[in-house]
Amino acid sequence: MIVLRSHVLVLLGVLVVAYATRANAQSWLNTLLEQSNGTLDVSTFPGEQCLRECDNTQPRICHFSWTMEHYHVMGPACRDCAKGNHTDCYHPACITADGVERGVMSLNRKIPGPTISVCRHDLIVVDITNAMAGTSAAIHWHGLHQRATPYMDGVPFITQCPIGFGNTFRYAFLATEPGTQFYHSHSGHHKVNGHYGALIVREPKRVDPNGDLYHYDTPAHVILGSDWMHIDGEMFMPGLPSAGGIMPINLLINGKGTYHDPKKNETTQTPLEVYTVRRGARFRFRFINAASHVCPLQLQIEDHMMEVIASDSFHLQPRKVDTLVSTSGERYDFVLDANGVKDTYWVRLRSLGPCADLQLEQFAVLRYTTGPYINDAFPTRAPPTYEEPFRNVATANHPNATCGRPEFGDYCITDFQAYDTDEDVINGVPDHQLTFGFYNYPVSFESMFESNRYEHYMNIYGSVMMQGAINNISLAYPPFSLLTQPEKIRDDTFCDENNRPDSCSDRQLCTCTHRVKINLGDIVELYILDLTPSVNDLNHPFHLHGYQMFVMEMSQDRRVPITLEIAQNIARQRLLSRNTVALPPRKDTVSIPSRGYARVRFRANNPGFWLMHCHYEWHTAVGMALVLQVGETSEMVKAPADFPKCDSYTPAVGHLLQGSL
């Protein structure tokens, strides 16, 4: 029997209180606690069986068991897939990706990893065994706020110690935030190497304000977009001078696609993803941007409109677009009206911004037919060329959209409205008004190679090297977990723009553990500024763990570098012209306009240490992040006493030799 102990029993005690207003759920949990006698059987519902209608159901314990491995695309499990044997491409252990052989990191020999589909208030239990020799890891559950279990957020050295090779770590947390979430590694470049997947938390349709707009909401209509390389992400950390930049070579949809080799003029024989719909019905699609690079992804479906109804799992008043643009970490739900006259259509994913010149795009198939799935996964007709665009009448999040002017047909997220709000937060007087200005700083040969600082950096190309920073500080992680080992925190553990270590006294850019402290319960207003000197199509997505943010406004002044004064002036002008949204949308990942700003608000009511960072993988890796401490450590949810610990180990040599004396 598989049992749960320790911290899960503590969690269930918290849940009984949380469910006090729900008699059925409370009864269910009380019964579990009474019958457990110190253990709980989690074998009743294997995680896959938690996919169900959520209108009339009680919470379940949904147990998943995953293994992390160094694995391969088009390896021996794929047999003759590359030679045209289509059946071999579908072996459960075969990862086809785009058909080009390479080493990867996999979860249960899948890319993306196994899908988690549960109902709100289910208890998710994931046992992860790290079988990646020589590599530690952790998984972040992007979009879940982890109020009862902040030590399950999955950020190494912030909320937990990484899972060592050969070890199994048990994640257990509530599915609290309904909607389209996803999970991904927060270690190194494991995400771009394959560690990501969909996490869908469904709610009863009757409580969805857009529930009447669609007939079907199934796992078969999840679009998980990602970028892809043919080498390990670690090859670019710190980098290759001859690489010409850190860029993807392809895109994938649900881990599938083809690749055209321009040198050989050959296209791989691998399957595309296929989405089946029924004519006359309306389907809820869930689009997850799991990209790692700096390029936005543009989604279009041939001859179909997308009625956007949610972003980052939060409900939106619907708007119809034919083009949807998002950046890494964002999720958008939309309704597709299956009113096409043909049997098949193209689903088109394109990479924009700095990737535009690379002309990267990938296709999937939308089909109205009900024949063999495999036939449509290998279409006989060629997709349109890059020079053959689909129609574009209305775009959500065009990189150069004029926010606040939706009459032009280009909608920023701030042109959408929610269904409800928190008046105290959006109209109250903030207790903290913070400014976070981010930038990738060029670093010199001397500072990297003659100072012996051993700091992180990325080598873009040639001799161009950079460190990411917020307010002139590049985040360095402590050697222990801040949340679960607070006794290790000392006066000199942290830094901020007003308290820098002596080693940074003569430097504008400082590398240290950047922490911003906020009192529990305070209202926070935050300006996030892109201080990049030049205007381009690079929009940085900023993700705040543990929270939702009300996106009050965003904009840019392309004539001059943005400053707080310019941003505040734009905000005042919009307020005077009443060009603001009455019900601002909520997001956990906000795409900042190029050399522009976003103003967000939230109430700091979730105590803990929470990472805030640019969601581009290489920018996080080189320090474009900070730690938000909400409340005192005494106010934070305590991890179980036996929770794994870590730290540097440098005792006196005599202590080490005591056993030999």
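## A serine, a sheet and the whole chain

Leaving aside residues up to four places away in sequence, S326 touches F287, N289, P296, L297 and Y332. This is a predicted model, so please read each contact and angle here as computed from predicted coordinates. S326 belongs to strand β20, which covers residues 323–326. Because its relative accessibility is 1% and the cut-off for buried is under 20%, S326 counts as buried.

Now to a sheet elsewhere in the chain. Five strands form an open sheet in the order β31-β39-β38-β33-β36, and their pairing is mixed. β31 and β36 are the edge strands, each pairing on one side only. From one strand to the next, the twist averages 20 degrees. Strands β33 and β36 run antiparallel and are joined by four bridges. F542 stands opposite V590 in β36. In general, strands of a sheet pair through backbone hydrogen bonds, either parallel or antiparallel.

Here are the residue ranges of some strands discussed above:

| Strand | Residues |
|---|---|
| β20 | 323–326 |
| β31 | 515–518 |
| β33 | 540–544 |
| β36 | 589–592 |

Stepping back, the protein chain holds eight helices and 39 strands. Its C-alpha atoms fill a box of roughly 75 × 65 × 55 Å along the principal axes. Among contacts with a separation of 6 or more, 77% come from residues 24 or more positions apart. The accessible surface comes to about 26,800 Å², with 50% belonging to carbon and sulfur atoms.

Conventions: Residues are numbered from 1 along each chain as its sequence is written. This is a predicted model: local features need pLDDT of at least 70, side-chain atom pairs count only at pLDDT 80 or more; totals for chains, interfaces and linings use all residues. Side-chain values use heavy atoms; hydrogens and water are left out. Two strands pair if DSSP finds at least two bridges between them. Helices (H or I, at least four residues) and strands (E, at least two) are DSSP runs, numbered from the N terminus. Axes are lines fitted to C-alpha atoms, for helices over the stretch in contact, and angles run from 0 to 180 degrees between N-to-C directions. Buried means under 20% relative accessible area, exposed over 50%, partly exposed in between (1.4 Å probe, protein chains only). Contact means heavy atoms within 4.5 Å. Accessible areas come from the Shrake-Rupley method with a 1.4 Å probe; for residues, only the protein chains shown count as cover.
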